[in-house]
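Please examine the following structure together with its sequence. The explanation below leads through its aromatic contacts and then through its sheet.

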Amino acid sequence: MQAARHVVCAVSGGVDSAVAALLLRRRGYQVTGVFMKNWDSLDEHGVCTADKDCEDAYRVCQILDIPFHQVSYVKEYWNDVFSDFLNEYEKGRTPNPDIVCNKHIKFSCFFNYAVDNLGADAVATGHYARTSLEDEEVFQQKHVRRPEGLFRNRFEIRNVVKLLQAADSFKDQTFFLSQVSQDALRRTLFPLGGLTKGFVKKIAAENRLHHVLQKKESMGICFVGKRNFENFILQYLQPRPGKFISIEDNKVLGTHKGWFLYTLGQRANIGGLREPWYVVEKDGTRGDVLVAPRTDHPALYRDLLRTGRVHWVTEEPPAALVRDKMMECHFRFRHQMALVRCVLQRGRVPGQWEDPAPGAIRLHTPEGQEQTRCGRG
């Protein structure tokens with residue numbers, strides 16, 4: 001008789017990971033729960049939320065009668081996620097720490113710990129996502145170290161694993177999993193991929209998991225939580241006072257504590273004004289933030305953007321893009337944003353004076369299609 005497959009499930013103390021572990025148990029797998037502590041400071045109310053989450057995760061494992069482990073990746077999170085987060089903000093960009101955390105912490109540190117230290121046949125998380133592999137195919141995967149380099153997939157004769165959207169389109173989290181490696185995807189199960197959030201809550205209610213069912217959804221910076229963003233960032237970055245300037249008449253509308261605090265497209269929240277104004281551009285040299293009135297102002301829309309090095313989930317880069325130097329696809333730059341049809345273009349493009357970064361692409365909307373508003377409202 002074959003021993004039960006061993007699946008190590010990340011448990012966060014929330015309802016999604018709890019139900020993921022429960023469903024794995026129901027499938028007959030040997031399940032182990034692992035809680036990751038990645039941030040160790042107190043929140044703005046003086047509470048270390050990680051301790052409470054760890055207690056809740058431990059209780060889940062007790063209820064499900066599965067082994068519980070706790071690991072700390074505080075150092076790795078600071079070096080690989082939070083430092084990058086601060087560096088990007090200081091440069092005026094708006095990073096997404098959830099994407100970087102999944103890449104470096106959950107699907108690298110945790111993944112390797114589960115496989116190397118706990119002898120996992122596969123790992124699992126409570127993400128709302130799916131892959132192109134059935135469970136049994138996941139268990140058949142073996143780790144093969146991939147060659148380094150831009151065209152490393154060209155030297156592999158293996159079927160790629162696709163990252164697929166969840167059944168619940170509102171909860172779909174593939175956006176946050178977009179930089180997870182093929183190696184990790186090959187050996188990962190997403191038990192909630194075919195379920196709706198409502199059904200997951202129903203399962204929790206019927207299986208004595210009320211203590212996680214009553215918790216609020218985790219929000220804010222990955223593992224750091226929801227905070228007053230400006231106050232939080234200014235604990236780590238020096239304030240750089242500047243002005244809000246109207247893009248229409250160059251009138252000074254107010255002041256701010258740092259141009260890097262703002263994202264293109266977001267509401268500027270300028271005191272004393274009746275109407276909302278939105279960020280159009282940021283001048284890092286002078287420290288000014290250019291703003292426009294109304295969400296439909298033409299200055300808020302773009303039909304072109306350029307990227308740095310691109311992470312391709314499967315083939316790297318796609319054969320069509322290599323062959324034709326361009327490729328039609330759909331994109332989103334924000335979770336739950338509607339997909340927008342666009343064209344990808346490789347290499348130097350007309351009017352581009354700088355050399356493109358290795359692996360960079362140019363993305364633009366096709367002619368005749370509405371431009372896309374960048375940023376957040």
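**Aromatic pairs and the central sheet**

In this predicted model, the structure contains 18 aromatic pairs. One of them is formed by Trp-78 and Tyr-236, whose ring centres are 5.9 Å apart; the planes meet at 55 degrees, so the pair is classed as tilted. This pair connects distant parts of the chain, since Trp-78 belongs to helix α3 (residues 74-90), while Tyr-236 lies in the loop between α9 (229-233) and β8 (242-246), 158 residues apart. Trp-78 has a relative accessible area of 36% and is therefore partly exposed. Tyr-236 is likewise partly exposed, at 30% relative accessibility.

A further pair joins Tyr-89 and Phe-229, with 5.3 Å from centre to centre and 50 degrees between the planes, and this pair is tilted. Because Tyr-89 is located in helix α3 and Phe-229 in helix α9, the pair ties together parts that are 140 residues apart in sequence. Are the two partners buried or exposed, or in between? Tyr-89 has a relative accessibility of 4%, and because buried means under 20%, this residue counts as buried. Phe-229, at 26% relative accessibility, counts as partly exposed.

Strands of a sheet pair through backbone hydrogen bonds, in either a parallel or an antiparallel manner. Here, five strands form an open sheet in the order β3-β2-β1-β4-β7, and their pairing is parallel.

Which residue of β2 is the bridge partner of Cys-9? The partner is Gly-33.

Helix α1 (residues 15-26) lies across β1, β2, β4 (122-124) and β7, and runs at about 170 degrees to β1. Helix α2 (residues 49-64) lies across β2 and β3, and its direction is at about 175 degrees to β2.

Conventions. Residues are numbered from 1 along each chain as its sequence is written. This is a predicted model: local features need pLDDT of at least 70, side-chain atom pairs count only at pLDDT 80 or more; totals for chains, interfaces and linings use all residues. Side-chain values use heavy atoms; hydrogens and water are left out. Two strands pair if DSSP finds at least two bridges between them. Helices (H or I, at least four residues) and strands (E, at least two) are DSSP runs, numbered from the N terminus. Contact means heavy atoms within 4.5 Å. Axes are lines fitted to C-alpha atoms, for helices over the stretch in contact, and angles run from 0 to 180 degrees between N-to-C directions. Rings of Phe, Tyr and Trp (its six-membered ring) pair if their centres lie within 6.5 Å; planes under 30 degrees apart count as stacked, over 60 as edge-to-face and the rest as tilted. Buried means under 20% relative accessible area, exposed over 50%, partly exposed in between (1.4 Å probe, protein chains only).
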